[in-house]
Amino acid sequence: MLLNKVILNKVNGICYKLDISILYQSEVGIKCFNQLLSSDILKYFCVGEIKSLQLESLYLCADGLKDSHTLVNTNIVDSPHFDLMKNLKNNKDVMESSYVKRVNRGILDFRSPRKVNHNYIAFLKTKYQEKMNSIKIGNYEPIKVFNVDGRYFIADGKHTAACCALIGVEAKVIHLSKVIYDSFWIWVYKKMLKNSNEYKKNIEFFKSALRDYA
């Protein structure tokens, strides 16, 4: 397992240097080397004004994971991201959070399994404090969302949303225009269709999203 993680890290590094992206099937779902759809790129899809939403209205979107692992349609207050923030706030063992356990196994999102060490935990603690400070003064990047079947799904900003939920404040959000038609998402969707029995939940999400933005 450790050898596999080392190899995956090296391949990801090569893809990053060559500026290429690769999707591949793993035992838990679709994974990506050098994911090109980043937070910075998503800014170009933002439309309309920033508004506030109740946290109960925010859900996790497609994650490329098989039905046995996927978090799609999970409300933010039931998510591993919220569990992580709760552990950090209460000074509990972060290694026992569902978030870190999923990171270790590669069942959080499109990213490959990652060995969580003390440096990574220190990074999480620092980012948590920074986010909490910025949220308390209202100076933070709005959460990027898109609407599917009348519900708002988080395209970027799950940690921010979890922090907002933790302290009980409404979240600042901004809508994304047709981000579902970005080539990366379509690429993922087509790959899922090749093994449709294992990705029913994600595929249903994509069908609804593509219908809403047709």
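Residues are numbered from 1 along each chain as its sequence is written, and side-chain values use heavy atoms, with hydrogens and water left out. Because the model is predicted, local features need pLDDT of at least 70 and side-chain atom pairs count only at pLDDT 80 or more, whereas totals for chains, interfaces and linings use all residues.

**The helix pair**

Helix H4 (residues 98-105) and helix H5 (residues 118-136) have axes that come within 13 Å and cross at roughly 135°. H4 and H5 are therefore oblique to each other, a term for angles that are not under 35 degrees (roughly parallel), over 145 (roughly antiparallel) or 65 to 115 (roughly perpendicular). In the contact, defined as heavy atoms within 4.5 Å, Tyr99, Val100 and Val103 of H4 meet Tyr120, Ile121 and Leu124 of H5. The residues of this contact divide into six nonpolar, no polar and no charged.

**Two loop residues with positive phi**

Most residues other than glycine have a negative phi. Asn73, in the loop between strand E4 (58-60) and helix H3 (80-89), has a positive phi although it is not a glycine. Asp149, which lies in the loop between strand E5 (143-148) and strand E6 (151-156), also has a positive phi and is not a glycine. Asn73 is partly exposed, and so is Asp149, where buried means under 20% relative accessible area, exposed over 50% and partly exposed in between, with a 1.4 Å probe and protein chains only.

| Residue | Phi | Relative accessible area |
|---|---|---|
| Asn73 | about 75° | 34% |
| Asp149 | about 50° | 48% |

Notes:
Axes are lines fitted to C-alpha atoms, for helices over the stretch in contact, and angles run from 0 to 180 degrees between N-to-C directions. Helices (H or I, at least four residues) and strands (E, at least two) are DSSP runs, numbered from the N terminus. Ala, Val, Leu, Ile, Met, Phe, Trp, Tyr, Cys and Pro count as nonpolar, Asp, Glu, Lys and Arg as charged, and the others, Gly among them, as polar.
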